[in-house]
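Keep the sequence and the 3D view side by side as you read.

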Amino acid sequence: QEHFFLKQDLVGKKALVTAGPTYEPIDPVRFIGNHSSGKMGLAIAEELARRGAQVQLVLGPSAVNTAVAGIKVVKVQTADQMYQACMAAFAQTDIAVMSAAVADFTPTVTNPEKIKKTAGSLTVELTKTRDILKALGQEKRQGQLLVGFALETNNEQAYAREKLAGKNADMIVLNSLNDEGAGFGYDTNKITIFERGGNEIPYERKPKQQVAHDIVDRIVNMLYAQ
Ligand code: CTP
Ligand code: CA
């Protein structure tokens, strides 16, 4: 019952959400990407907007779209463009949720012309990208809430706790890839939320819309408790 009631508990708040993959160009026709659909981040942006927040969604290359009012979509391609868009918006933000699957490495140089297959092998040198969540964690001021995700295949609890502390986040949403029917390409997710202060809340596997509802409930809880 309560789930269908429209809770306008984020009126007057500004939110920044990242979603989707990034594409890192090798040459004009090729890139390094990943399987992120952008659905989880979109569901969070929509849930925040439905509850009254003014949302900026920084979206990597993704087919998703929204009809929900109150969401400004900024489309980007690369990790660096996503970083710039987030840094520009963060000072004005009350809630930041970094759900994008940002490339960790990008080609050191982008070949200006299409690379030909003439050579017998091809080596592409990669350079580490900037960590957007960590950068925002360093900029964070009193009253701002920063949420990250963790995608792990092993030692997931320990890695999630490490990300919470190491990136100065207030909440890490651990996405269990091991679970059947969760993660990339599925419309359901199984998460555990790790909160600053030590709360660890496991959830059942459920549709991404309901997962978004659970996450935003915890965000609202922490926002008004601090
Ligand atoms: N993230 C980010 N910028 C990056 C890389 C990651 O903002 N360049 C964010 C993701 O959006 C996510 C969190 O950091 O909220 C964790 O991402 P994840 O890939 O799980 O962890 P990494 O810190 O990149 O470490 P690793 O991939 O080695 O586990
Ligand atoms: Ca990563």
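Where does Lys167 lie? Lys167 sits in the loop between α4 (156-166) and β10, where helices (H or I, at least four residues) and strands (E, at least two) are DSSP runs numbered from the N terminus.

## Before you start

This is a predicted model, in which local features need pLDDT of at least 70 and side-chain atom pairs count only at pLDDT 80 or more, while totals for chains, interfaces and linings use all residues. Residues are numbered from 1 along each chain as its sequence is written, and chains are lettered from A and ligands numbered from 1 in the order in which they are written.

Strands of a sheet pair through backbone hydrogen bonds, either parallel or antiparallel.

Strand β4 (residues 54-59) runs parallel to β5, and 5 bridges join them. Val58 has Val74 as its bridge partner in β5, and Val55 stands opposite Ile71 in β5. On to β1: this strand and β4 pair in the parallel sense over 6 bridges, with Leu16 opposite Gln56 in β4. In β4, 5 of the 6 residues are buried, so this strand is largely enclosed by the rest of the structure. Here a residue is buried if 20 or more other C-beta atoms lie within 10 Å of its own, exposed if 12 or fewer, and partly exposed in between, with C-beta atoms placed from the backbone.

## Helices across the sheet, and a hairpin

Strands β2 (residues 24-27) and β3 (residues 30-32) run antiparallel and are joined by 3 bridges, with 2 residues between them in the hairpin. Glu24 stands opposite Ile32 in β3.

## Around ligand 1

Which residues come nearest to ligand 1? Of the 16 residues around it, they are Met98, Val102, Ile132, Leu133 and Gly148; a residue is near if its C-beta atom, placed from the backbone, lies within 6 Å of the molecule. The elements giving two or more residues to this shell are α3 (132-139) and β9 (145-152), and β9 gives the most, with 4 residues.

## Annotated positions

The UniProt annotation "binding site", from an unreviewed entry, covers Asp104, Lys114, Phe149, Lys163 and Lys167. These positions span 64 residues in sequence, and the farthest two C-alpha atoms are 37.8 Å apart, so they do not all gather at one spot. UniProt positions are given in the numbering used here, feature names are shortened, and annotations may be inferred rather than shown by experiment.

Back to Lys167, which is buried, with 21 other C-beta atoms within 10 Å. Not counting residues up to four places away in sequence, Lys167 touches Leu133, Lys134, Gly137 and Gly148; contact means that the C-beta atoms, placed from the backbone, lie within 7 Å. Asp104 is found in the loop between β6 and β7 (105-107) and is partly exposed, with 14 other C-beta atoms within 10 Å. Leaving aside neighbours within four places in sequence, Asp104 is in contact with Lys128 and Thr129.

## Two backbone angles to check

Most residues other than glycine have a negative phi. Asn155, in the loop between β9 and α4, has a positive phi of about 45 degrees and is exposed, with 9 other C-beta atoms within 10 Å. Asn168, in the loop between α4 and β10, has a positive phi of about 55 degrees.

Technical notes. Pairing = 2+ DSSP bridges. Contact = placed C-beta atoms within 7 Å.
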